[in-house]
Amino acid sequence: MRYAPKAQTLIALETSCDESAVAIVRNNVGHLELLTSQIASQAGEHAKWGGVVPEIASRMHLEALPLLLEEALADSGLSMEDIDAVAATVAPGLSGALLIGSVTGRTLASLYDLPFLGVHHLEGHLASILLGDNPPKPPYLVLLVSGGHTELIKVISEGKYTLLGRSHDDAAGEAFDKVARLLGLPYPGGPAIEVVAKLGDSRKFPLPKGRVSKPGGGFYRYAFSFSGLKTAMLRQVESIKSSGKTLPLEDLAASFEQVVSEVLVSRSLCCALDQGLNKLVMVGGVAANQRLRKMMIDKAYKHSIEVYLAPKAFCTDNAAMIAAAALSRLGTGSLSSSMQLGVSPRLALDEASSLYNSIPPF
Ligand code: KG4
Ligand code: ZN
């Protein structure tokens, strides 16, 4: 293992799910400069199957990465000789898909004698906020809402996290995807629901807000549950269909989007207020949703909580956020990862530092 040099231009690869992505980001004395961000989405291919097919994802990453690497270098006007470090997402995600990015990253690092950094995908999402104009300084609360995770995380300092709340069943993005399927809308469900919901009445269908009960009575204040909401949507759809009426897609989509947004906003604000945190960050694919973004800003303002939203382009999976996370690790003096570091479908966020241990966790 080596320390990376001071001038830091880093190339990052992201292949944890159904987006193949390569980005080059430069750290200019603490200011991140995005030199290029290339993304090849596989969503169209997976849409035929109604969700992500892991084998197809791996094969498509393998086909896409060489082209994306070429495009990234051409677009930035750089060659590999200008690059100081290589990063790739190594956990959590689909193992086969992660392996393609990780092996490609380590091969590049070996070929060009560069340090390699394995990145935690969720640390990448958290770092997407650093790509905005005015990134917050810790401590702050993060609502991370993606296809696989719905979590409230306290960022104590760079690389130090405490998980304060999470979904006890489906992630919010997963609920968007499943409800879209129920409504006959394409995958990924979030953007499809958002388009249709714009034309609907968000108060038309009363829907449950999914609370999680404590064993001794009462509810967990920062916990989420979306499976009951999904079932309630199913019941609505079945009852409308059995009455022979046509589905009011717009109203159903708007009511669903409204209740998910209300739950995400109210529990995040409750958590921030309880914890005495006056900065709230929102990242992840679902954070691209305009109704949710607006509601978060409006409601937080009433409580004097400052809201920081990840730029829309960096909410859904991308490699720029992976580069930002890796550059932060370099900035805090973390050593690079071992070349023996593998990949893992699971890794808790508070174990992300283990990716830089001389004896890798996997
Ligand atoms: O962060 P992401 O790209 O991948 C994961 O790490 O999971 O998030 C993808 C999720 C999908 O479930 C997708 O339906 C949802 O984010 N999503 C949205 C929107 N754009 C993507 N959900 C609501 N509104 C959107 N505009
Ligand atoms: Zn993601």
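The entries below follow that order.

Entry 1, aromatic pairs. I worked on a predicted model. I searched for aromatic pairs and found two. In the pair F176 and F256 the ring centres are 5.0 Å apart and the planes stand at 80°, so I recorded it as edge-to-face, for which the angle must be over 60 degrees. I then placed both residues: F176 belongs to helix α5 (residues 172-182) and F256 to helix α8 (residues 249-275), so this pair ties together parts that are 80 residues apart in sequence. I checked burial next. F176 has 3% relative accessibility and counts as buried; F256 is buried as well, at 0%.

For F224 and F226 I noted ring centres 6.3 Å apart and planes at 10°, so this pair is stacked. Both F224 and F226 are buried.

I then looked up polar contacts to oxygen atoms of ligand 1. A backbone N or O atom of G147 lies at 2.8 Å from one, a polar backbone atom of G173 at 3.0 Å, and a side-chain N or O atom of D177 at 2.7 Å. On its own, ligand 1 has 550 Å² of accessible area, and the protein covers 90% of it. I also noted that ligand 1 takes up the space of the largest pocket.

Key
Residues are numbered from 1 along each chain as its sequence is written. Chains are lettered from A and ligands numbered from 1 in the order in which they are written. This is a predicted model: local features need pLDDT of at least 70, side-chain atom pairs count only at pLDDT 80 or more; totals for chains, interfaces and linings use all residues. Side-chain values use heavy atoms; hydrogens and water are left out. Rings of Phe, Tyr and Trp (its six-membered ring) pair if their centres lie within 6.5 Å; planes under 30 degrees apart count as stacked, over 60 as edge-to-face and the rest as tilted. Helices (H or I, at least four residues) and strands (E, at least two) are DSSP runs, numbered from the N terminus. Buried means under 20% relative accessible area, exposed over 50%, partly exposed in between (1.4 Å probe, protein chains only). A polar contact is a pair of N or O atoms within 3.5 Å; within protein, one must be able to donate a hydrogen and the other to accept it, and residues adjacent in sequence count only if both atoms are side-chain atoms. Accessible areas come from the Shrake-Rupley method with a 1.4 Å probe; for residues, only the protein chains shown count as cover. On a 1 Å grid over the protein atoms alone, a cavity is a set of points where a 1.4 Å probe fits but cannot get out, and a pocket is an open set with protein on both sides within 12 Å along at least five of seven lines; lining residues have an atom within 4 Å of a point. A molecule sits in a cavity or pocket if more than half of its atoms lie within 2 Å of its grid points.
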